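Hello,

Here is the structure I promised to pass on. Please have a look at it first, and then read my notes below.

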Amino acid sequence: MANLKEIRNRISSISSTMQITSAMKMVSAAKLKKAQDAITAMRPYADKLTELLQSLSATLDADSGSVYAAEKEVNNVLLVVITSNRGLCGAFNSNIIKQTNSLIDTTYTGKKVDVLAIGKKANDAFEKKDVVIANKSEVFDELTFDNVAEIAQLLMDKFVDGSYDKIELVYNKFKNAATQIIMTEQFLPIVAETSEAEVNLDYVFEPSKVEIVEALIPKSLKTQLYKAIRDSFAAEHGARMTAMHKATDNATELRDALKLTYNKARQAAITNEILEIVGGAEALNN
């Protein structure tokens, strides 16, 4: 009977876990809808603004180019690593951490590489390596353009003052609830569009082309970072919803298997008791 009690306790524990994972799945599904709508709405604007800026930058003379487009010898690199503040979202965070480690150990081997963490999981992973220069995890508490713009301005200032020669974003791009694409995206310096079809377009600029580019660059960079964080935010909820869905399914299968084991053990115990009673009755009759 002790065995039956142990199985009952396991069934009860798994049922409680199922309730938690099912509730987390529903919460993530509700948050995903808002996050997905937000990134879907802003992505065309952000992509078009970046495309326009790259096309204009490509037509400028070298002397009139922006300080944000200055190509430098890459010795100091800053990786902006975007993860989540919480776990229970499958391989969402570990994939970004692996990609960042790969960049540090292979792509930028021999270079000085620092990390600006956006998300507690990134900060926890790289704080031990003493490469984190700042932790901006609090941005997820109130994810607004103004709060992200402050981080983007910090990155621009560090590039202009020569602290870093190259800045890249590492994050999960949202594709759908079940799929996230690992992105390594150059933030600074700005990469000019090289397509001749775009560069040779005949436009009349008012005010001057240089003034337009200088006005657009800060806005474009802030929008680019905001889009990346929004992408990661939507991807996080998609990954968590999928992970909790799988966890609920696995718990259901395990609970059903334990119920079957419990019923078999209970049936065997009842059969043994019947056999003992019959055997006792037979002994009395004899």
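Before the notes, one term: a residue is called buried when its relative accessible area is under 20%, exposed when it is over 50%, and partly exposed in between, using a 1.4 Å probe and counting protein chains only. By that rule Lys112 is partly exposed, because its relative accessible area is 46%.

A word on where this comes from: it is a predicted model, in which local features need pLDDT of at least 70 and side-chain atom pairs count only at pLDDT 80 or more, while totals for chains, interfaces and linings use all residues. Residues are numbered from 1 along each chain as its sequence is written, and side-chain values use heavy atoms, with hydrogens and water left out.

Let me begin with the overall build. The protein chain has 6 helices and 5 strands (DSSP runs numbered from the N terminus, helices being H or I with at least four residues and strands E with at least two). Along the sequence they follow the pattern α-β-α-β-α-β-α-β-β-α-α. The C-alpha atoms fill a box of roughly 115 × 40 × 35 Å along the principal axes. The radius of gyration is 29 Å, whereas a compact globule of 286 residues would have one near 19 Å (taken over C-alpha atoms, with the globule rule being 2.2 Å times the number of residues to the power 0.38). Of the 286 residues, 38% count as buried.

Now to the inside. The largest nonpolar core has 46 residues, and Ile118, Ile167, Phe187, Leu188 and Leu225 have the most contacts inside it. Such a core is a set of buried Ala, Val, Leu, Ile, Met, Phe, Trp, Tyr and Cys residues joined through side-chain atoms within 4.5 Å. Elements that each supply at least two of its residues include α1 (2-58), β2 (112-118) and β5 (179-188). The largest share, 12 residues, comes from α6. Apart from this core lies another, of 15 residues, among them Val81, Leu103, Tyr108 and Val115.

Ile118 is worth a click: leaving aside neighbours within four places in sequence, its contacts (heavy atoms within 4.5 Å) include Val80, Ile82, Phe140 and Ile229. Val74, in the loop between α1 and β1, is partly exposed because its relative accessibility is 23%. Beyond its own sequence neighbours within four places, Val74 is in contact with Lys111, Asp165 and Lys166. The C-alpha atoms of Val74 and Asp165 are 5.3 Å apart, although 91 residues separate the two along the chain.

Next, the charges. There are 7 salt bridges, each a side-chain nitrogen of Lys or Arg within 4 Å of a carboxyl oxygen of Asp or Glu. Lys112 pairs with Asp114, with the closest N and O atoms 2.8 Å apart; Asp114 counts as buried because its relative accessibility is 9%. Arg240 and Glu236 form another, at 2.9 Å from N to O, and both are buried. These two are separated by about one helical turn, because they are 4 residues apart in helix α6.

Finally, the surface. Which residues form a nonpolar patch there, with about 250 Å² of accessible area together? They are Ile270, Ile274 and Val278. Patch residues have over 30% relative accessible area and no salt bridge, with like charges joined within 9 Å and nonpolar side chains (Val, Leu, Ile, Met, Phe, Trp, Tyr) within 5 Å; accessible areas come from the Shrake-Rupley method with a 1.4 Å probe, and for residues only the protein chains shown count as cover. Ile274 lies in helix α6 (residues 209-285) and is partly exposed, at 48% relative accessibility.

Best wishes
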